[in-house]
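User: I have a two-chain model open and want to go through the contacts. Can you take my questions as they come?
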Amino acid sequence: MPIRTTRADLRTRLQDFIPKIVLAPSLAAILIFVYGFIVFTGYLSMTDSKMLPSFDFVGLDNYVRLFSLPAWNTALINLVIFAALYIAICTVIGLGLAILLDQKIRGEGVLRPIYLYPMALSFIVTGTAWKWFLDPGLGLENTMHLWGWTDFQFNWIKDRHMAIYTLVIAAVWQTSGFVMAMFLAGLRGIDNEILKAAQIDGASNFALYRRIVIPLLRPAFLSAFVILFHMAIKSYDLVIALTGGGPGRATELPATFMYSYTFTRNSMGIGAASAVIMLMTVAAIMIPYLYSELGAKKE
Amino acid sequence: MSVASQDTAVKTGSIAKVFIYLILVLFALFYLLPLYVMLTNSLKPLSEITGGDMMSLPKAWTIEAWLSAWSTAQVGVSPTGLRPYFINSILMVVPAVAISTVLGALNGYILTKWRFRGDTLLFGLMLFACFIPFQIVLIPMARILGILGIAGSTQGLVLVHVVYGIGFSTLYFRNYYASFPTELVRAAMIDGAGFFRIFWRIMLPVSGPIAVVTIIWQFTNIWNDFLFGASFAGLSAMPMTVALNNLVNSSTGVREYNVHFAGAIMAALPTLLVYIVAGRFFVRGLMAGSVKG
């Protein structure tokens with residue numbers, strides 16, 4: 001009898017361990033390749049690494065130099081312009097289309113996939129298409145000239161002051177349909193009884209949406225904001241494919257800055273410092289968001 | 001019609017309806033326009049494109065640009081077309097999707113049905129890993145791949161995509177399994193079923209929908225990745241996105257726009273196909289990306 005119980009104990013104990021053993025490789029991978037690497041890059045950002053990593057500690061020198069570089073400040077200003085417009089326009093278009101599609105529209109099944117398919121494409125494909133479309137000599141401007149509107153001018157992609165807005169156009173094209181889907185799901189989740197009650201009380205459609213529906217969509221707004229924000233900071237492929245950071249450095253973003261300083265300009269310390277700043281910007285939004293999401297679930 | 005509109009909570013007049021349709025169709029055209037331009041111009045000879053009307057249909061239809069993009073176009077320095085890189089992408093995406101999905105399923109199962117102290121924190125750590133800007137890992141990753149001897153290889157890229165794909169696949173399976181009745185798992189445990197038996201017999205049979213979502217999501221992300229491919233692939237393992245960018249930016253000779261478009265559509269085709277076949281699930285996957293439980 002006693003032998004049997006210990007055996008059973010051993011077996012249950014082993015059973016208790018199996019989940020942890022199975023989880024261990026994933027966990028180890030995340031701890032090393034994500035958090036370990038963050039620490040490593042953080043350390044490199046405080047060394048005088050040039051082409052290869054060096055371990056000579058220089059404190060915060062790289063950060064001081066980083067913020068004195070015109071290229072970095074251009075990249076930051078571009079990011080602010082790009083992110084603000086990208087998030088705002090995607091949200092407006094996404095919410096607008098979702099509300100319109102929610103009016104018992106015939107052909108919703110055809111329209112929805114058309115709005116959404118750009119999300120399945122690579123930013124390199126999107127960039128290739130829009131680069132051509134926006135090229136004054138080949139795309140829209142040339143076509144308008146051929147169609148007889150000879151004064152038509154649309155050369156933003158060649159204009160250093162306007163090129164950053166072409167990134168917004170292409171990025172909005174790619175993502176706004178997805179934001180629409182998020183809002184549409186939110187709208188479909190709203191209890192129709194609430195809306196009917198408000199209508200009986202004589203609320204106009206506009207008031208109905210402004211006072212009741214849009215406040216109820218708060219979670220969808222929050223999710224859309226978080227996703228668009230982190231996509232904006234990570235934007236790299238689109239810049240490479242659409243403008244290559246140009247004309248000049250007019251459309252450089254932190255992601256392209258980091259890459260060129262680290263791998264082609266042999267300033268790894270500066271590159272690492274810029275990556276840390278990018279991470280901290282994302283973390284400032286993501287950590288409170290995840291904390292509230294996961295914390296709320298516990299209850 | 002009248003019955004349907006009575007069902008709608010928000011009523012709209014018929015003039016408003018016309019405007020709504022107008023706006024919706026205009027946006028549909030906006031989303032379709034680049035695809036239309038790429039497709040029609042990929043089927044034109046080059047002479048028709050330069051100086052021609054981008055909106056017009058081809059006068060002389062030809063698939064020459066497609067053939068060139070596939071097998072003879074200049075990609076970087078070699079005139080190989082996109083075929084070898086398409087194959088590279090397939091070789092990379094299949095194992096990376098398979099491994100990250102299986103690990104995600106196991107992790108999700110453990111984090112919901114074999115809970116332990118600190119599991120929420122662990123999941124939080126995994127989740128945050130989904131959203132980091134990958135610039136933060138580029139430098140050490142390049143070093144590690146070198147040390148492991150898999151720099152510039154498809155295996156290296158598979159490793160990278162698995163590691164940074166686990167977060168999302170775990171998220172999907174965890175949220176899905178969370179709504180699966182834990183009592184069933186408890187009952188099976190009392191009956192003496194072990195960890196793997198419960199997973200195999202109870203969890204896996206109900207995992208179809210979420211597996212589809214996860215596979216589509218991972219496939220789309222990994223196929224479309226550019227940053228890791230550009231950083232770690234080298235010449236021999238270069239994936240499709242990087243090759244397309246090289247094709248478009250090859251500076252030698254005349255710019256063959258029709259070939260660029262054919263190449264761009266080729267790079268888009270696998271994900272578009274997946275999207276067309278299983279688009280409903282794709283949407284669901286994108287929604288799950290918003291961390292909702």
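**Contacts within and between the chains**

Analyst: This is a predicted model. To start with one side chain, A:Lys158 has a relative accessible area of 53%, so A:Lys158 counts as exposed.

User: What does A:Lys158 form a salt bridge with?

Analyst: The partner is A:Asp135, and the closest N and O atoms are 3.9 Å apart. The two sit in distant parts of the chain, 23 residues apart: A:Lys158 in the loop between helix H6 (140–146) and H7 of chain A, A:Asp135 in the loop between helix H5 (123–134) and H6 of chain A.

User: And A:Asp135, buried or exposed?

Analyst: A:Asp135 is buried, at a relative accessible area of 18%.

User: How many salt bridges over all chains?

Analyst: The count comes to five. One of them joins A:Arg188 to A:Asp102, with 2.9 Å between the closest N and O atoms.

User: Where do A:Arg188 and A:Asp102 lie?

Analyst: A:Arg188 is in helix H7 (residues 163–188) of chain A, and A:Asp102 is in the loop between helix H3 (70–101) and helix H4 (108–116) of chain A, so the pair ties together parts that are 86 residues apart in sequence. A:Arg188 is partly exposed, with 42% relative accessibility.

User: What about A:Glu108 and A:Arg188?

Analyst: Their side chains also meet in a salt bridge, 3.2 Å from N to O. That pair links helix H4 of chain A, which holds A:Glu108, to helix H7 of chain A, which holds A:Arg188, 80 residues apart. A:Glu108 is buried, its relative accessible area being 15%.

User: Which residues end up in one network?

Analyst: A:Asp102, A:Glu108, A:Arg112 and A:Arg188, joined by salt bridges that share partners.

User: Switching to the chain A and chain B interface. How many residues are in contact?

Analyst: 99 residues of chain A contact 99 residues of chain B. The two chains bury about 9000 Å² between them, and carbon and sulfur atoms account for 77% of it.

User: Which residues of chain A lose the most area to chain B?

Analyst: A:Phe33, A:Tyr117 and A:Trp132, which together make up 7% of what that side buries.

User: How many salt bridges and polar contacts between the chains?

Analyst: There are zero salt bridges between chain A and chain B. Polar contacts come to 20 residue pairs, both residues being at pLDDT 80 or more.

User: Which helix gives the most to the side of chain A that touches chain B?

Analyst: Helix H1 (residues 2–44) of chain A, with 19 residues. By class, the side of chain A that touches chain B has 70 nonpolar, 17 polar and twelve charged residues.

User: Now domains. How is chain A divided?

Analyst: Into domain 1 (1–44) and domain 2 (62–298). Their C-alpha centres are 39 Å apart. In the contact, four residues of domain 1 of chain A meet seven residues of domain 2 of chain A.

User: What area do domain 1 of chain A and domain 2 of chain A bury?

Analyst: About 360 Å² between them, with 81% of it on carbon and sulfur atoms. On the domain 1 side of chain A, A:Ile38, A:Thr41 and A:Leu44 supply 86% of the buried area, more than any other three residues.

User: What area is buried between domain 1 of chain B and domain 2 of chain B?

Analyst: About 1000 Å², of which carbon and sulfur atoms give 83%. In domain 1 of chain B, the residues that lose the most area to domain 2 of chain B are B:Met38, B:Leu46 and B:Trp66, together 52% of what that side buries.

User: How many salt bridges and polar pairs between domain 1 of chain B and domain 2 of chain B?

Analyst: Zero salt bridges, and one residue pair in polar contact, both at pLDDT 80 or more.

Note on methods: Residues are numbered from 1 along each chain as its sequence is written. Chains are lettered from A and ligands numbered from 1 in the order in which they are written. Side-chain values use heavy atoms; hydrogens and water are left out. Buried area is the accessible area (1.4 Å probe) that two parts lose on being put together, summed over both. A salt bridge is a side-chain nitrogen of Lys or Arg within 4 Å of a carboxyl oxygen of Asp or Glu. A polar contact is a pair of N or O atoms within 3.5 Å; within protein, one must be able to donate a hydrogen and the other to accept it, and residues adjacent in sequence count only if both atoms are side-chain atoms. Contact means heavy atoms within 4.5 Å. Helices (H or I, at least four residues) and strands (E, at least two) are DSSP runs, numbered from the N terminus. Ala, Val, Leu, Ile, Met, Phe, Trp, Tyr, Cys and Pro count as nonpolar, Asp, Glu, Lys and Arg as charged, and the others, Gly among them, as polar. Domain bounds come from an automatic or database domain assignment. Buried means under 20% relative accessible area, exposed over 50%, partly exposed in between (1.4 Å probe, protein chains only).
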